[in-house]
Amino acid sequence: MLALLQLPETAASGPALDLREAGIQLTYLAAGVLFILGLYSLTKPARAQRGMQLAAVGMLLAVIGTLLHKDIVRFEWIIGGLLLGTAIGYPLGMFVPMTAMPQRIAISHMFGALAATLVGVAEYQLHAGGPPHATMAALGFEVMFGALTITGSFMAFGKLQGFITGTPITWRGQNAINLTLFAATFGIFAYLVASPGHPVLFYAMVAMSLAIGVLMVLPIGGADMPVVVSLLNSYAGLAASATGFAIGNTVLIVCGALDGASGFLLSVLMSKAMNRSFGNVLFGAFGAAPTASAAAAGAESRTVRSVTAEDVAVQLAYAREVIVVPGYGMAVAQCQHQVRELASQVEKRGGTVKYAIHPVAGRMPGHMNVLLAEANVAYDRLYDLEEINDQFEQADVVLVIGANDVVNPAAKSDPSSPIYGMPILNVDAAQSIVVLKRSMAAGYSGVENELFYHDRCAMLFGDAKSSLQQLITDIKEV
Amino acid sequence: MTITLLFVFVLAGFVGYFVITRVPPLLHTPLMSATNAISGISLVGSLVLAGANRGNLATLLGFIAVTAATINVVGGFLITDRMLKMFKQKLPGGAAGADGAAKAVTGGNGAAPRGETP
């Protein structure tokens, strides 16, 4: 607001430059405060929407403040960019379905990182003979984080969208090659800080960072995507922060730091939820060697119990406590609305339905919560791992919909399993377990699931959406 | 100067860390899309690049950067708003009314930079 009031004054008189600069800084301060309040509002679901609208106002203030900058003399390219960006961004914001949220966020990281990287490249170009050492350090971080986020996010987008295979792509000596490339890039960076005037080296550093982004995501499997998307979120933030250091802009630094902290925290939470270290996720290539021991355990000789929708409908109709365990399969089948409809049928008959959400269910943090919220499931029905794990004993029926690794007892019982030690949902404590699944294929980790052979577990094969529709029809007739 | 900026960075990082620790897992996806929208703040740097007379290359890079950052900002805030609206509606009786305000603010966000034409 202050900036707006100052506009006529600064436009009228030339010497009022300090006032103009102060105005810009005040809009940045207001923006920074509004962003923090916006993030704080996310601690309460009911207040969150309002808070983030304030954050959007903060962004608007920062943009208006920047347009007062004394260096800005022409507006045609600015307006063109804003118009084009809005034309592309609007449909990305309004029409992308909730099921496609992980890939949408991944591609959005790419755009943010692209902007930061281009600003970095242009800044370097503008310093004939190389920028000062400190600026070079900031620019180096900016283009390194930026460039690897561009390609890394695009790879993540490809894997989530399905045009790049979701299974890890690995080869011999991969980690050694990656680490060498990483060390070489950092070496160039260090050299450039000491002696900034080498454009060839600068662009080599950018190109190598682009390559690192690709190589970093190639060996990471679909189930590890929550960690990668969080990490890229963090890198996009750090790139923005480095931009702030390079051009001496505080609001960039503040936002980048918020973003970096958030992404870092989420990646740590996700890694913890899988009982794996950061390094293990990045360099471990989950399921790369398809665990011969598990596959050779004679799984083929055992049989699973398959049930019809009618049987399950009867169980559900008379159940008092039902717990639904959704997984990535629910997102793929886009059946969250059917899940909710079935739940209301159960509730109509006097049962209660709860939802058990594993932290890494789906392809990004909170993925399941968003889908269920879209289907109008009240959020007090959604339970975290710790909250629900001792309630499975009281459950009459557990419905596992498209989840696999997060309910695999091997995580507790089989030290040779690649997912050993990962906290899982204790669905095997329930009276009856029904797994909705397309086929007997293993989960993303490539691990056989003992649960399916459990005495109280039955399989309802088929596409989750049509299975659920059948269940809804059948339960109405019980 | 650089040291002052480092102060800002470290303190903002701390604030971010402690605020975000309190965000429940329920809202982790909106959190991610919110921080993504906020990281579109690179727009600020891009605007100066596109608007200053620093040669054709700088203007071209600036133009692409403004476009990319605007996609990030507009798309990011809109989708965050869409998601948070869904979570808000879960409160009994708290659903109606807020919708109109939401549209007004986010619509304004997308449109206003354009209104800033000299």
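Guide: What follows goes from the contact between the chains to one residue in it, then to the core, one further helix and the confidence of the model.

This is a predicted model, and in it 102 residues of chain A are in contact with 89 residues of chain B. On the side of chain A that touches chain B, at least two residues each come from α2 (17–41), α3 (45–67), α4 (76–94), α5 (101–126), α9 (225–247), α10 (250–273), α16 (367–374) and β3 (382–384) of chain A. Sorted by class, that side of chain A has 66 nonpolar, 30 polar and 6 charged residues.

The partners can be described in turn. Chain A has 478 residues, of which 55% count as buried, and its elements are 19 helices and 6 strands. Taken along the principal axes, the C-alpha atoms of chain A fill a box of roughly 80 × 55 × 35 Å. Chain B, by contrast, has 5 helices and 0 strands, and buried residues make up 59% of its 118 residues. Among contacts between residues at least 6 apart in sequence, 58% of those in chain B join residues at least 24 apart, while for chain A, residues 24 or more positions apart account for 78% of the contacts with a separation of 6 or more.

Thr35(B) belongs to helix α2 (residues 28–39) of chain B, and it counts as buried because 32 other C-beta atoms lie within 10 Å, where the cut-off for a buried residue is 20 or more. Leaving aside residues up to four places away in sequence, Thr35(B) touches Asn233(A), Gly237(A), Leu258(A), Asp259(A), Ser262(A) and Gly263(A). Within chain B, Thr35(B) and Phe77(B) are 42 residues apart in sequence, with their C-alpha atoms 9.4 Å apart in space.

The largest nonpolar core has 198 residues, and those with the most contacts inside it are Val325(A), Val398(A), Val400(A) and Ala65(B). Helix α4 (residues 56–88) of chain B gives the most to this core, with 18 residues. Ala65(B) touches residues of both chains, namely Ala115(A), Leu118(A), Val119(A), Ser46(B), Leu49(B) and Ala50(B), again not counting residues up to four places away in sequence.

For comparison, consider a helix of chain A, α7 (residues 174–194). In α7(A), Thr185(A), Ile188(A), Phe189(A) and Leu192(A) are buried; seen down the helix axis, the buried residues fall within an arc of 100°, so they line one face of α7(A). These buried residues pack against α6 (133–161) and α8 (199–217) of chain A, whereas exposed residues on the other side of α7(A) include Ala176(A), Leu179(A), Thr180(A) and Ala183(A).

Where pLDDT is low, the predicted coordinates should not be read in detail.

Conventions: Residues numbered from 1 in each chain as written. Chains lettered and ligands numbered in written order. Predicted model: local features only at pLDDT ≥ 70, side-chain atom pairs only at ≥ 80, totals over all residues. Buried ≥ 20, exposed ≤ 12 C-beta atoms within 10 Å, placed from the backbone. Helix = DSSP H or I, 4+ residues; strand = E, 2+ residues; numbered from the N terminus. Arc of directions from axis to C-beta. Contact = placed C-beta atoms within 7 Å. Nonpolar A, V, L, I, M, F, W, Y, C, P; charged D, E, K, R; others polar. Core = buried A, V, L, I, M, F, W, Y, C linked by C-beta atoms within 7 Å.
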